[in-house]
Amino acid sequence: MFIRTGTAIVEIARIKKCCKNKKFLSDYFSPDEIRFLVSHKLSPALIAENYCVKIALAKAIGTGMRVIKAKDITVLRDRLGAPFIITDGMAKMMEQREGFVFNVSVSHCREYAVANVIVNK
């Protein structure tokens with residue numbers, strides 16, 4: 001059963017600027033995610049996609065970033081490159097309690113990255 005959707009878009013240049021501050025990665029991304037991003041040479045487009053997923057997920061579950069932390073949402077890719085979400089902390093509690101299933105899509109062009117998260121039960 002479809003519940004709701006969340007979408008986020010961000011300028012890649014903005015994320016590239018944020019990445020100059022090393023605290024940005026540790027504040028917003030989980031250790032597994034940081035390892036994944038480092039293995040992809042800290043691609044600003046990939047970082048922007050993952051950042052968008054976090055915002056889109058928070059919108060889709062209806063809490064925004066007030067209740068869940070960005071680090072509680074890990075975005076990785078499967079062997080074919082499709083993104084998937086692993087939750088922790090409050091996000092995991094909500095996922096399990098409500099029986100949420102997350103579907104995610106990401107894309108980017110030269111200037112922008114976008115993510116869409118659909119929540120099903």
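**Exercise 1.** Determine how the faces of strand 2 are covered.

*Solution.* The model is a predicted one. Step 1: in a regular strand, side chains alternate between the two faces of the sheet. Step 2: on one side of strand 2 lie Ile73, Val75 and Arg77, and on the other lie Thr74 and Leu76. Step 3: every one of these residues is buried, and both faces are therefore covered. Step 4: since five of the five residues in strand 2 (residues 73-77) are buried, the strand is largely enclosed by the rest of the structure.

**Exercise 2.** Describe how strand 2 is joined to strand 3.

*Solution.* Step 1: strand 2 and strand 3 (residues 83-87) run antiparallel and are joined by five bridges. Step 2: within this pairing, Ile73 stands opposite Thr87 of strand 3. Step 3: the hairpin has five residues between the two strands, and Gly81 takes a positive phi near 95°.

**Exercise 3.** Classify the relative orientation of helix 3 and helix 4, and identify the residues in contact.

*Solution.* Step 1: helix 3 (residues 31-39) packs against helix 4 at an angle of about 155°, and the axes are 10 Å apart. Step 2: angles over 145 degrees count as roughly antiparallel. Step 3: helix 3 and helix 4 are therefore roughly antiparallel. Step 4: helix 3 contributes Glu33, Phe36 and Leu37 to the contact, while helix 4 contributes Leu46, Ile47, Asn50 and Lys54. Step 5: sorted by class, this contact has four nonpolar, one polar and two charged residues.

**Exercise 4.** Describe the largest nonpolar core and the surroundings of Phe102.

*Solution.* Step 1: nonpolar side chains tend to be buried together in soluble globular proteins. Step 2: the largest nonpolar core here has 36 residues, and those with the most contacts inside it are Ile15, Phe24, Ile47, Ile61, Ile85, Phe102 and Val117. Step 3: helix 4 (residues 44-61) supplies the largest share of this core, 12 residues. Step 4: leaving aside residues up to four places away in sequence, Phe102 touches Leu57, Ile61, Ile85, Thr87, Glu95, Val117, Ile118 and Val119.

**Exercise 5.** Decide whether Ser26 is buried, partly exposed or exposed.

*Solution.* Step 1: Ser26 is found in helix 2 (residues 22-28). Step 2: the relative accessible area of Ser26 is 33%. Step 3: buried means under 20% and exposed means over 50%, so Ser26 is partly exposed. Step 4: not counting residues up to four places away in sequence, Ser26 touches Ile34 and Lys71.

Terms used
Residues numbered from 1 in each chain as written. Predicted model: local features only at pLDDT ≥ 70, side-chain atom pairs only at ≥ 80, totals over all residues. Heavy atoms only, no water. Core = buried A, V, L, I, M, F, W, Y, C linked by side-chain atoms within 4.5 Å. Buried < 20%, exposed > 50% of the residue type's maximum accessible area, 1.4 Å probe, protein only. Helix = DSSP H or I, 4+ residues; strand = E, 2+ residues; numbered from the N terminus. Contact = heavy atoms within 4.5 Å. Pairing = 2+ DSSP bridges. Axes fitted to C-alpha atoms, helices over the stretch in contact; angles between N-to-C directions. Parallel < 35°, antiparallel > 145°, perpendicular 65-115°, else oblique. Nonpolar A, V, L, I, M, F, W, Y, C, P; charged D, E, K, R; others polar.
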